[in-house]
Amino acid sequence: MRFENKVAIVTGSGNGIGKEVAKRLAKEGASVVITDINPANCKYTEEEIVESGGNALSIPADVSKKEDVMNVVQEALNVFGKIDILVNNAGIVKDSKITEMTEEDWDNVVDICLKGSFLFAKYTAEHMIEQSYGKIVNIASRAYLGNPGQANYSSAKSGVLGLTKSLAKELGKFNITVNAVAPGLIETNALKEHPKYERIKELQKKDTPIQRIGLPEDVANAVLFFASNESSYISGDVLHVTGGRFG
Ligand SMILES: NC(=O)c1ccc[n+]([C@@H]2O[C@H](COP(=O)([O-])OP(=O)(O)OC[C@H]3O[C@@H](n4cnc5c(N)ncnc54)[C@H](O)[C@@H]3O)[C@@H](O)[C@H]2O)c1
């Protein structure tokens, strides 16, 4: 029970990696604020956690909207009295060649992947500074290394690493660690519904030293390490959960 008496916010936890992270934090004792743009999925995650004996509260929100973010932080403080852990997980892709990428596709991806992480870090840091304790874990992506068709996503995820390293330097003196996890391809529901799912899985296996696709549990293991006191002397770092694949 590494997270007994801890309060965590996990963004984008209505589905995929965020949901797995929220469930695992709750299983190890944390009270978890489930926040997602999809209110129904937000509620499902809350119900799943509560049904299995955990403590969770769902608050739907769009991470790219300042008012929504402020509301989640305020509600979390009203209900649980503190925030110890923030996992900035919400993210989207809108892939296309640069010549076909619209300004809207660029703005959406950057707003959700990068600005959303900034907003949640900003409003939770105020409280973490006051209590002299905090763990911020940002979900980046192996795509920060560059991927054709993902100029928006790669740029946003590189930005997430810049945000991580700057905040680590700024907030360390308040006993707040800030780290990032960079997953490779992870088998989520969204991927399973992809028409080329089997082919993608096969290629991934071929190109990855650990010859399998990543699982949400693999990412959750890394996130929980950074969210726990086991990583209290690690900040500004990036853990790659890519099965050894870097290219
Ligand atoms: N799945 C992968 O292969 C993979 C690889 C590397 C990095 N990542 C990153 O992991 C994170 C989670 O991805 P996933 O694969 O679980 O995706 P997912 O689509 O399964 O889940 C993302 C969740 O974020 C929510 N969301 C989307 N826009 C939002 C917004 N504006 N405000 C609040 N919530 C919003 C969605 O409703 C969804 O529940 C993302 O940051 C993604 O970039 C995923």
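Student: How do the axes of α3 and α4 cross, and within what distance do they come?

Tutor: In this predicted model, the axes of helix α3, residues 66–80, and helix α4 come within 9 Å and cross at roughly 35°. That crossing of α3 and α4 is right-handed.

Student: OK, and which residues of α3 and α4 meet there?

Tutor: From α3 there are Lys66, Val69, Met70, Val72, Val73 and Leu77, and they meet Leu119, Phe120, Tyr123, Thr124 and His127 in α4. Sorted by class, the residues of this contact between α3 and α4 are eight nonpolar, two polar and one charged.

Student: What about α4 and α5, how are they oriented to each other?

Tutor: The axes of α4, residues 103–131, and α5, residues 151–171, come within 8 Å and cross at roughly 15°. Angles under 35 degrees count as roughly parallel, and α4 and α5 are therefore roughly parallel to each other. The crossing of α4 and α5 is right-handed, and their contact has 16 nonpolar, four polar and two charged residues.

Student: Switching to the ligand now, which residues come nearest to it?

Tutor: There are 25 residues around the ligand, and of these Ile17, Asp36, Asn89, Tyr153 and Ile186 come nearest. Tyr153 also belongs to α5, where it is among the residues that meet α4.

Student: And which atoms of Asp36 and the ligand are 2.6 Å apart?

Tutor: For Asp36, an N or O atom in the side chain is 2.6 Å from an oxygen atom of the ligand. With Ile186, by contrast, a polar backbone atom is involved, and it is 2.7 Å from an oxygen atom of the ligand.

Student: Where does Asp62 come in?

Tutor: Asp62 has a polar side-chain atom that lies 2.9 Å from a nitrogen atom of the ligand.

Methods:
Residues numbered from 1 in each chain as written. Predicted model: local features only at pLDDT ≥ 70, side-chain atom pairs only at ≥ 80, totals over all residues. Heavy atoms only, no water. Axes fitted to C-alpha atoms, helices over the stretch in contact; angles between N-to-C directions. Helix = DSSP H or I, 4+ residues; strand = E, 2+ residues; numbered from the N terminus. Parallel < 35°, antiparallel > 145°, perpendicular 65-115°, else oblique. Left-handed = near helix turned anticlockwise from the far one by under 90°. Contact = heavy atoms within 4.5 Å. Nonpolar A, V, L, I, M, F, W, Y, C, P; charged D, E, K, R; others polar. Near = heavy atom within 4 Å. Polar contact = N/O pair within 3.5 Å; in protein donor to acceptor, adjacent residues only side chain to side chain.
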